[in-house]
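Subject: Model handover

Hi,

Here is the structure I promised. My notes follow below it.

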Amino acid sequence: MINFTLLGAGRIGKMHAKIISGHPEANLVNVYDVNTEFASQVANDNDANIAKSPIDAINDENVDAVLIASATPTHIEYLVMSTDANKPVLCEKPIDLDIDKVNECRNKIAGSSNLIQIGFNRRFDKSHASLQQAYVNGEIGDLEKIIITSRDPSPPDLDYLNAAGGFFRDTTIHDFDLSRFILGDDPIIEISAFGDNLFDENVKIANDFDTAMFILKSKAGVLININNSRRAVYGYDQRVEIFGSKGMMISGNQTPTSIRKYTDSHTSSKEPIYNFFIERYEQAYKDQLNEFILSIKSNSKSKVTFEDGRNALILANAAYESHNNKKVVSIDFK
Ligand SMILES: NC(=O)c1ccc[n+]([C@@H]2O[C@H](COP(=O)([O-])OP(=O)(O)OC[C@H]3O[C@@H](n4cnc5c(N)ncnc54)[C@H](O)[C@@H]3O)[C@@H](O)[C@H]2O)c1
């Protein structure tokens, strides 16, 4: 049994608590959140203790592993605390919004063999992952294009926008990581990014984007198109296409059932697709935790490393540089 401390009991922390409690080989021991009301609610719902401080929660001798689901600016402090305590840590994305802080953290943890897994859950989605596996198996031949559509159902509120750190670093970061996941050891070398404010007032006030498109290029010449929106009236639109010399594969949107309706007003209409990430990627979040537990038990390397988290942030930063300077930006992962 792996005993967990959960740091952060907000929207995603609550979900992780439930997943830990539901896992046959995991147990939630401590919950810490600066908001004691959130902490006590999640602790009570999952038969866990409310921790007095993050350091107590991590260092507790009954705790084997840490899950960081608190606000982004807290991740590095908790990553370092967990690594100092030699407790395997599953940390939500992004590691931080500031690459200098990420590099400083990288120096601090250099040499440690502590397991760190970053929460890029989409790698664990069965459809996206089997598409990547089919490419590795040679089923689509030489890869030429990756096309990722990732659109949220509706824009977040102004408080979220002001705290999240911008569309590219908070949201597109998943798509940058998914592109790197599919490409394997073929690195991305160039990026061209466009962001726009087409429909949301709060996004305008926050000086952020509600619409974006990116073209990236890998060293082998694969072209990647990522397209994002903060609004899709039909639900959480998550599609990935890979195209190559032997064909094409699509990981499409999912609906709760496979029913198709034929009436006098519709042909082949389906139920609405899942509304947002907690429903659409429910199984991926579970499989992500499962992988983390397997890595702890088998003492094996992380499937989503600190470097993966850092590289995705480097791509997000390059995207801002491209948008701001209206130019194609070369990528340097060093
Ligand atoms: N992988 C994904 O699909 C995914 C989805 C959503 C959010 N996230 C990430 O998860 C993190 C949390 O996002 P959220 O949507 O749950 O936000 P949220 O605002 O709902 O929750 C954040 C929680 O952190 C707590 N917090 C703030 N400072 C803290 C501190 N010093 N110590 C402990 N807790 C503290 C807040 O009180 C709040 O309860 C963010 O980094 C976000 O990027 C990832």
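The ligand lies between domain 1 (2–114) and domain 2 (125–281 + 311–330), because both give residues to the shell around it. Those domain bounds come from an automatic or database domain assignment.

This is a predicted model: local features need pLDDT of at least 70, side-chain atom pairs count only at pLDDT 80 or more, and totals for chains, interfaces and linings use all residues. Numbering runs from 1 along each chain as its sequence is written, and side-chain values use heavy atoms, with hydrogens and water left out.

The shell first. The ligand is surrounded by 25 residues, counted when a heavy atom lies within 4 Å of it. The closest are Ile12, Asp33, Thr72, Tyr78 and Tyr285. By class, the shell has eleven nonpolar, nine polar and five charged residues. Here Ala, Val, Leu, Ile, Met, Phe, Trp, Tyr, Cys and Pro are nonpolar, Asp, Glu, Lys and Arg are charged, and the others, Gly among them, are polar.

Now the polar contacts (pairs of N or O atoms within 3.5 Å). A polar side-chain atom of Tyr78 is 2.6 Å from a ligand nitrogen. A polar backbone atom of Ala71 is 3.2 Å from a ligand oxygen. For Tyr285, a polar side-chain atom lies 2.6 Å from an oxygen of the ligand. Taken alone, the ligand exposes 840 Å², and the protein buries 81% of that (Shrake-Rupley method, 1.4 Å probe).

Two backbone points remain. Most residues other than glycine have a negative phi, and most peptide bonds are trans. The Lys93 to Pro94 peptide bond is cis, with omega near -15°. Asn207 is not a glycine, yet has a positive phi of about 55°.

Best wishes

Notes:
A polar contact is a pair of N or O atoms within 3.5 Å; within protein, one must be able to donate a hydrogen and the other to accept it, and residues adjacent in sequence count only if both atoms are side-chain atoms.
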